[in-house]
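This briefing sets out selected features of one protein model, grouped by topic. Please read it alongside the sequence and the structure shown here.

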Amino acid sequence: MQKSFIPIFSLLMLFFSNLAVPTYWNKDSLCFVLPSYMQNLKDELTVTVSKKGQVEINVPRKAPSYWLKPSCSHSDTKIANFFANANVKQADSKDFKKLIGIIKKEYPHLKGLYESPSYITEDHSLEQHTLNVLNQFNEQKKFYSIHAPYYKKITHDMEKLMIATILVHDIGKPLGARNEQHKHTVPIAKEALKRWGFTRVEIDFALTLIDNDIIGELVQPKYKMKVKDAYNTLSKLSSTVGLSMNAYFEMQMLFFVSDASSYPFIRAMAFTECKKNKSLYPTSKKFWNLALSVNKKWLIAYKCFIAKKDASQKKEVSEKPKLVSAKIASNLVALNLMLPFGPAVELDEIVSS
């Protein structure tokens, strides 16, 4: 169980409210000291007082089926029918908000999770964070070959699968410490996607995105992840789902960019935006070393881009290279490889590393 401690002043508040301090309190009497998300989950809590006088609020670790307990017998079918029939290509922010509203209505216990804080500096709820990620996904998806035929071995509609994945990618955050979020999220996400009509292959693919943060850990110095280790992990995951590394890396990238860049402070510090088309890429040298390791032909294309650069002015890369094969060119167009010319990513740094 997750334990949260209420400061001693809360005990004083209770005392002056003429409330005794038993070993178990009526939860309604605690509303004025509970964080907002615990009020949403109020009926699932037990509250005790430790020997040292600290109030402990315990969030029980329920089975995924508990959190997905439907409001009626047709709830699962209703959401499954949406994913089976909806045309998500034209979906916008209003559609995403409406979809989360439907999910909250059909699964009352998920409502409490969506209305919990997402533990970011902007103090957004998990619902607002999820909407932000979906909106970023909508903005960035056009820069990736999300409808390429090689994804057909996974799903008939990768865009729809990615949207469903994002809907539950952080759903377990309120149920444990930050470093345990995947532990709580994965079982609920797996159960939700199964109920919503996705196949085992689709679910396995989605969980590989949810249950790791390869690119995030690579670009953050505190994790000290090596490019080689990130490459090996990507290789194993792509083999697990039956995709080439290049194809799997695309969706891993799209998922990472959509999630990480939805936090304004991370977007400002860790991403470069192409001024011409608003595509976002990490500015980390280690990231580009990984990208070029996944497909070494990118370096050839990158050099062609450099050769096209105006001698008197640094320009953003915005055209297809003419000195590479059609296959290499198609890979570049599919991934929209527009390396920034900022100080963090210079060609000599990539080549020499």
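Leu243 is located in the loop that runs between α12 and α13. The model is predicted, and the protein chain holds 18 helices and five strands. Of its 353 residues, 50% count as buried. Among contacts between residues at least 6 apart in sequence, 67% join residues at least 24 apart.

- Leu243 is buried, because its relative accessible area is 8%, under the 20% limit for that class.
- Apart from residues up to four places away in sequence, Leu243 touches Tyr150, Tyr151, Lys153, Ile154, Phe205, Ser238 and Tyr248.
- The C-alpha atom of Leu243 is separated by 9.8 Å from that of Phe205, a residue 38 positions apart along the chain.
- Gly242 also belongs to the loop between α12 and α13 (245-260), but Gly242 is partly exposed, with a relative accessible area of 34%.
- Between the C-alpha atoms of Gly242 and Phe205, which are 37 residues apart along the chain, the separation is 9.2 Å.

**Thr240 in helix α12**

- Thr240 lies in helix α12, which covers residues 227-241.
- Thr240 has a relative accessible area of 61% and is therefore exposed, the limit for that class being over 50%.
- The side chain of Thr240 reaches the backbone oxygen of Lys236 at a distance of 2.8 Å.
- Thr240 and Thr208 are 32 residues apart along the chain, and their C-alpha atoms are separated by 9.0 Å.

**Lys224 and its backbone angle**

- Lys224 is situated in the loop between α11 (214-219) and α12.
- Most residues other than glycine have a negative phi.
- Lys224 has a positive phi of about 55°, although it is not a glycine.
- With 70% relative accessibility, Lys224 counts as exposed.

- Thr155 is found in the loop between α7 and α8 (158-167), and at 5% relative accessibility Thr155 counts as buried.
- A polar atom of the Thr155 side chain lies 3.2 Å from the backbone nitrogen of Asp157.
- When neighbours within four places in sequence are left aside, Thr155 is in contact with Leu161 and Glu202.

**Glu106 and its polar contacts**

- Glu106 lies in helix α5 and is buried, with a relative accessible area of 3%.
- Two of its side-chain partners are Ser75, joined to Glu106 by a polar contact of 2.5 Å, and Lys78, joined to Glu106 by a polar contact of 2.9 Å.
- Leaving aside neighbours within four places in sequence, Glu106 is in contact with Lys69, Pro70, Ser71, Cys72, Ser75, Lys78 and Ile79.
- The C-alpha atoms of Glu106 and Ile79 are separated by 8.5 Å, with the two residues 27 apart along the chain.

**Packing of α5 against α7**

- Helix α5 packs with helix α7 (residues 126-140) at an angle of about 140°, and their axes are 10 Å apart.
- The crossing of these helices, α5 and α7, is right-handed.
- On the α5 side, Ser93, Phe96, Lys97, Ile100 and Lys104 take part, and they meet Glu127, Thr130, Leu131, Leu134, Asn135 and Asn138 in α7.
- In this contact of α5 with α7, four residues are nonpolar, four are polar and three are charged.

**Aromatic pairs**

- The whole structure contains 12 aromatic pairs.
- One of them is formed by Tyr107 and Trp196, with 6.4 Å from centre to centre and 50° between the planes, a tilted arrangement.
- This pair links distant parts of the chain, 89 residues apart: Tyr107 is in the loop between α5 (93-106) and α6 (108-114), while Trp196 is in the loop between α9 (181-195) and α10 (200-210).
- Which class applies to the exposure of Tyr107, buried or exposed? Tyr107 has a relative accessible area of 0% and is therefore buried.
- Trp196 is likewise buried, at a relative accessible area of 2%.
- Tyr107 and Trp196 belong to one aromatic cluster together with Phe82, Phe83 and Phe198.

Conventions
Residues are numbered from 1 along each chain as its sequence is written. This is a predicted model: local features need pLDDT of at least 70, side-chain atom pairs count only at pLDDT 80 or more; totals for chains, interfaces and linings use all residues. Side-chain values use heavy atoms; hydrogens and water are left out. Rings of Phe, Tyr and Trp (its six-membered ring) pair if their centres lie within 6.5 Å; planes under 30 degrees apart count as stacked, over 60 as edge-to-face and the rest as tilted. Helices (H or I, at least four residues) and strands (E, at least two) are DSSP runs, numbered from the N terminus. Buried means under 20% relative accessible area, exposed over 50%, partly exposed in between (1.4 Å probe, protein chains only). Axes are lines fitted to C-alpha atoms, for helices over the stretch in contact, and angles run from 0 to 180 degrees between N-to-C directions. A crossing is left-handed if the near helix is turned anticlockwise from the far one by less than a right angle, and right-handed if clockwise. Contact means heavy atoms within 4.5 Å. Ala, Val, Leu, Ile, Met, Phe, Trp, Tyr, Cys and Pro count as nonpolar, Asp, Glu, Lys and Arg as charged, and the others, Gly among them, as polar. A polar contact is a pair of N or O atoms within 3.5 Å; within protein, one must be able to donate a hydrogen and the other to accept it, and residues adjacent in sequence count only if both atoms are side-chain atoms.
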